Amino acid sequence: MPRSFDPAATRPLRRLGKMTVAEFMRTCWQRRPRVLRQVLAETHDLISPQRLFALAADPSVHSRLVTASDGRWRMRSGPIARLPALSRARWTVLVHSVEQHELAAAQLLARFRFLPDARLDDVMVSYASDRGGVGPHVDSYDVFLLQLRGRRRWRISRQRELQLVPDLPLRILRRFRPSSEAVLGPGDMLYLPPGVAHEGVAVGGDCVTCSIGFRAPPWRALIEPCVEQIVARPVREEQRYRDPELRATRRPAALPSPLAERAWRELRRALAPTRNDATAALLAVLTEPAPHVTFAAPASRLTLRTFAAALRLRELQPAAATRLMYFGSQFAINGEVFSCRADGGRRLLHRLADRRAGTPREWLGADESARRAVLAALYDWHCSGWLHIGPTP
């Protein structure tokens, strides 16, 4: 993906069709579905079907092919080297995390940053032939379904019965009773909160739909990896269990009381972390890249001195797959947490995360102590391929 990313040209949306973002958040977000007409213009230019097909054939990209014929559903995971004929009905190809491979998709995602990055899942783009779809189903996340090309009919249900058809490769509802429907054309968008049963079917061919997903995981799925993070902290030698006063025993199968008591104290400490421990663990979990994501180190490695000089002249840009978040003095990047006590250094990191760019003007405007506080960390992340030096202006 091209590295040049212009935050000024991708400011968060203020309106969703006729509705302001503030009104949408107050009345619809996490509450009810909403059809939003003509949210974005010129959507057909975001990605061509040919480019989408090329991504589906790429082994490094997560993709799926779903077909339905004779009442039977089939799904094949990518890479998809050969697709069905465009004239054949009832097939869909889905490409995940398109924002990591296409600049236009990354810029589209930036328009939705009126929502926190902590909720972001990915941008998925699908191409469907006539009557193509993935069946009636329920998503476990908030999603904006933006129509890019062609038309798609969406049917929505208020049903609470969510039993699935058994022995299928897809999570398709056994019974689907729609209560409303709408046909979306290019620029139209449907918002769905988690747990709403719905079905989208292409009306005619050349149907391209973009799904901008925001994760809403169960608390257990979020907290369990945080507990693992806290428990897995490095252990100093003096924190290990020691029993220098242990004496020979005639009851070897009995659990020693000192061991049981110490284990109880350590368990309580692990399960009652400090606020800083909990925040750091949450930041690490939320910024951890997906398992299939890889980063390419720079082709030619700069020295620390050369890197510092480059920051005075060129923009610092996160890689497309890099996740950045912060909370107070703690800054997280791709599962790694860095604590910065210097106020100026924190401001530099916060701007980098919020704008997904660090400018020479910001770097030169910071005092020397602020630059020193973050330079080594920025350089390490650059050498890992997490941050790139932009082109010369």
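Predicted model: local features only at pLDDT ≥ 70, side-chain atom pairs only at ≥ 80, totals over all residues.
Local features need pLDDT of at least 70, side-chain atom pairs count only at pLDDT 80 or more, and totals for chains, interfaces and linings use all residues. Residues are numbered from 1 along each chain as its sequence is written, and side-chain values use heavy atoms, without hydrogens and water.

A nonpolar core joins buried Ala, Val, Leu, Ile, Met, Phe, Trp, Tyr and Cys residues through side-chain atoms within 4.5 Å. Buried means under 20% relative accessible area, exposed over 50% (1.4 Å probe, protein chains only).

| Core | Residues | Members include |
|---|---|---|
| Largest | 42 residues | L16, F24, F112, V125, F144, I212 |
| Second, separate | 26 residues | W363, Y379, W381, W386 |

Helices (H or I, at least four residues) and strands (E, at least two) are DSSP runs, numbered from the N terminus.

F112 touches L13, F144, M189, I212 and F214 (heavy atoms within 4.5 Å). Residues up to four places away in sequence are not counted.

In α2, P49, L52, F53, L55 and A56 are buried. They lie on the same side of α2, because they cover an arc of only 160 degrees around the axis. The arc is taken over directions from the helix axis to the C-beta atoms. The buried residues of α2 pack against β4 (63-69), β6, β7, β9 and β12.

W219 is found in helix α4 (residues 219-231). W219 is exposed, with a relative accessible area of 66%.
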